[in-house]
Amino acid sequence: MIAAGVDVGSVAAKAVIFDGEILGGAVIPTGWDPKRAGEEVFRLALAEAGVDRQAVARVVGTGYGRIRLPFIDKRITEISCHAKGAAHLFPSCRTVIDIGGQDLKVVSVDADGSVTDFVMNDKCAAGTGRFLQVMAGVLDMSLLELGEAALAGEPVQINSMCTVFAETEIIGLLAQGTDKAAICAGIIRSIARRVRSLSGRVPLRPECAFTGGLALSPAVCAIISQELGVPFQVSDAPQLTGALGAAILAHGLAGSAKERA
Amino acid sequence: MTLAALEKMKALSERNVLEINKAHDAGRKVVGHYCLYSPSELALAAGAIPVPLCGTRNDPIPAAEEVLPRNLCPLIKSSFGFAATDTCPYFAVSDFLVGDTTCDGKKKMFELLSAYKPMHVLQLPQNQDPETALPFWENELYRLKDRLEAELGAVITEADIRRAIKLMNRERMLLKRLMDLAKNQPSPISGMDLLQIKFKLGFFPDKEQGLAVVEEIVEELEELARAGHAAHPADAPRILLTGVPVGLGSDKAVRLIEDSGGAVVCFESCGGYKKIYQVDEEGDPMKALAAQYLSTPCSVMSPNTGRFELLTRLIDEFSVQGVVDLTWQACHTYNVESYSIKKHVKERHGLPFLQIETDYSDSDAEQLKVRIEAFLEMIG
């Protein structure tokens with residue numbers, strides 16, 4: 001039996017087709033129309049998996065765009081989905097750190113992937129992908145370039161957690177002639193500090209999985225992991241973790257529906 | 001389903017502004033209160049109409065921010081904003097205001113507020129020590145009594161205070177009966193309806209009329225409870241809301257919890273279970289008022305052991321499945337205490353816990369929804 005998960009986030013829309021194994025997945029930018037992005041990424045994932053839409057028994061939608069998806073059977077929050085996805089990929093993981101476009105979350109999970117506690121950043125963008133994106137814009141670098149440069153730099157202290165103020169602070173540092181690599185290292189260090197302060201509320205129980213778009217950068221993973229003092233488990237496609245969790249939960253729904261029938 | 005008596009209460013409530021102005025024109029005095037620590041019994045004993053003026057709406061906050069700092073709790077900004085914009089008819093009709101030094105933000109705001117109306121600010125102790133704080137607080141209540149007598153041209157006798165205590169005890173007893181209906185499984189009433197009734201009751205200039213209509217609501221609900229009527233789907237997780245005060249307009253958290261499929265069955269906050277105690281009717285009435293009001297377990301007290309004890313009792317009595325702790329932005333005492341409340345709820349009761357830190361605006365509604373839905377998914 002085949003199920004699907006569609007995760008429409010603020011930056012990227014993701015979909016996974018699953019039948020106990022991952023059959024296929026896709027990632028596209030969300031753009032301004034979350035509904036269309038959800039439909040499109042679902043279609044692409046189906047094509048990648050070579051599966052017909054009719055063959056999919058259940059679809060779970062997640063991410064902030066989940067309310068706008070007309071084709072889903074159930075909505076489940078990205079917190080539950082990331083936990084489920086990470087626990088599938090890394091059965092020994094007890095903490096999931098997910099950094100996406102506009103959210104930073106630390107989730108405690110049980111062996112079966114159910115959530116026991118979680119904490120999310122407040123409404124500001126501190127410590128999220130958006131923060132990094134804005135800083136990369138100031139430095140005229142891509143996110144991957146920023147990460148690579150950071151590995152070589154001795155981090156400067158960036159005090160502002162607020163994205164807007166941090167941007168001003170970085171412009172000031174550039175004006176003083178501060179080394180660009182040092183600024184890059186300081187930026188990622190400041191995200192790590194934000195993760196650490198959140199994880200005071202939800203302790204980082206080992207082992208720790210790192211998911212979401214920021215985990216695409218090996219440099220970002222290395223610096224945050226070092227700053228927190230815990231090794232990270234990172235999958236080949238960390239952005240797909242939420243969609244995978246949604247697909248697994250959809251698979252469970254399909255299973256229980258079949259049993260009832 | 002709609003409750004006939006609740007519809008009646010809404011209709012009556014619409015007349016309250018008119019009625020209070022009529023009473024005021026006929027010579028009745030109106031005394032505005034800002035906090036649960038200030039006993040409305042003294043205003044009642046002086047023959048005045050007590051009204052709650054604690055701000056629960058977002059509308060006047062931008063105006064308040066022309067004077068007050070932006071990063072101040074929305075309750076304080078809203079309370080001040082209503083005065084600054086002259087948009088609250090109950091503030092407008094008030095002859096005299098009573099506040100207390102509940103927290104730093106409030107006491108400094110009251111300094112500014114006293115430019116608008118004659119005002120008395122009670123000095124609230126920071127703990128509930130029976131040897132030191134209680135005699136001090138009793139003396140503060142005597143000072144308020146003297147001030148009310150002078151400002152309102154009234155004489156407050158011991159018999160007046162006793163009568164006022166009896167009346168307020170009846171109100172508190174009725175509110176308890178109302179809230180206890182949600183102990184039923186399933187609860188016959190939604191959290192939003194509970195909130196609405198509790199909130200509206202405060203504004204009846206004729207207390208007896210307010211009590212009578214709430215009594216009708218309670219009887220109607222008792223009937224529904226006997227018939228097994230459920231205000232929520234059978235599997236709705238039973239949520240206890242603790243933390244800062246909520247009212248109509250600052251009900252975002254309650255609304256989001258119930259829209260997401262939860263059932264708010266218990267309010268531990270100061271419009272809820274914190275205020276349904278009974279003041280002793282036998283002994284010295286001023287002593288009785290001082291003792292009961294000072295024991296209010298608000299986070300401004302240090303230590304605040306009463307809140308933990310109350311939570312433990314309510315979690316059991318209301319068969320609670322999850323605790324949501326609401327904190328207004330910049331409310332330091334509730335925000336700091338949340339850490340210990342979380343520990344208490346998780347370790348002592350093994351229950352899921354969620355803190356929400358927000359303001360009165362809807363700007364973060366989508367993000368809050370994610371947290372709340374995930375929290376409800378956790379309960380299962």
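These legends describe close-up views of a predicted model.

Local features need pLDDT of at least 70, side-chain atom pairs count only at pLDDT 80 or more, and totals for chains, interfaces and linings use all residues. Residues are numbered from 1 along each chain as its sequence is written, chains are lettered from A in the order in which they are written, and side-chain values use heavy atoms, with hydrogens and water left out.

**View 1. The interface between chain B and chain A.** Here 20 residues of chain B are in contact with 18 residues of chain A (contact: heavy atoms within 4.5 Å). The two chains bury about 1,700 Å² between them. Carbon and sulfur atoms carry 45% of that area. Buried area is the accessible area (1.4 Å probe) that two parts lose on being put together, summed over both. Val370(B), Arg371(B) and Met378(B) supply 31% of the area that chain B buries against chain A, more than any other three residues.

View 2. Three salt bridges are counted between chain B and chain A (side-chain nitrogen of Lys or Arg within 4 Å of a carboxyl oxygen of Asp or Glu). One salt bridge joins the side chains of Asp117(A) and Lys342(B), at 2.9 Å from N to O. On the side of chain B that touches chain A, two or more residues each come from α15 (332–349), β8 (353–358) and α16 (365–379). Helices (H or I, at least four residues) and strands (E, at least two) are DSSP runs, numbered from the N terminus. α16(B) gives the largest share, nine residues.

**View 3. Helix α14 of chain B.** Ser319(B) follows α14(B), with a positive phi near 45 degrees.

**View 4. The surroundings of Thr163(A).** Thr163(A) lies in helix α5 (residues 163–175) of chain A. Its relative accessibility is 11%, so Thr163(A) counts as buried. Leaving aside neighbours within four places in sequence, Thr163(A) is in contact with Ala125(A), Ala126(A), Phe131(A), Val134(A) and Met135(A).

Technical notes: Buried means under 20% relative accessible area, exposed over 50%, partly exposed in between (1.4 Å probe, protein chains only).
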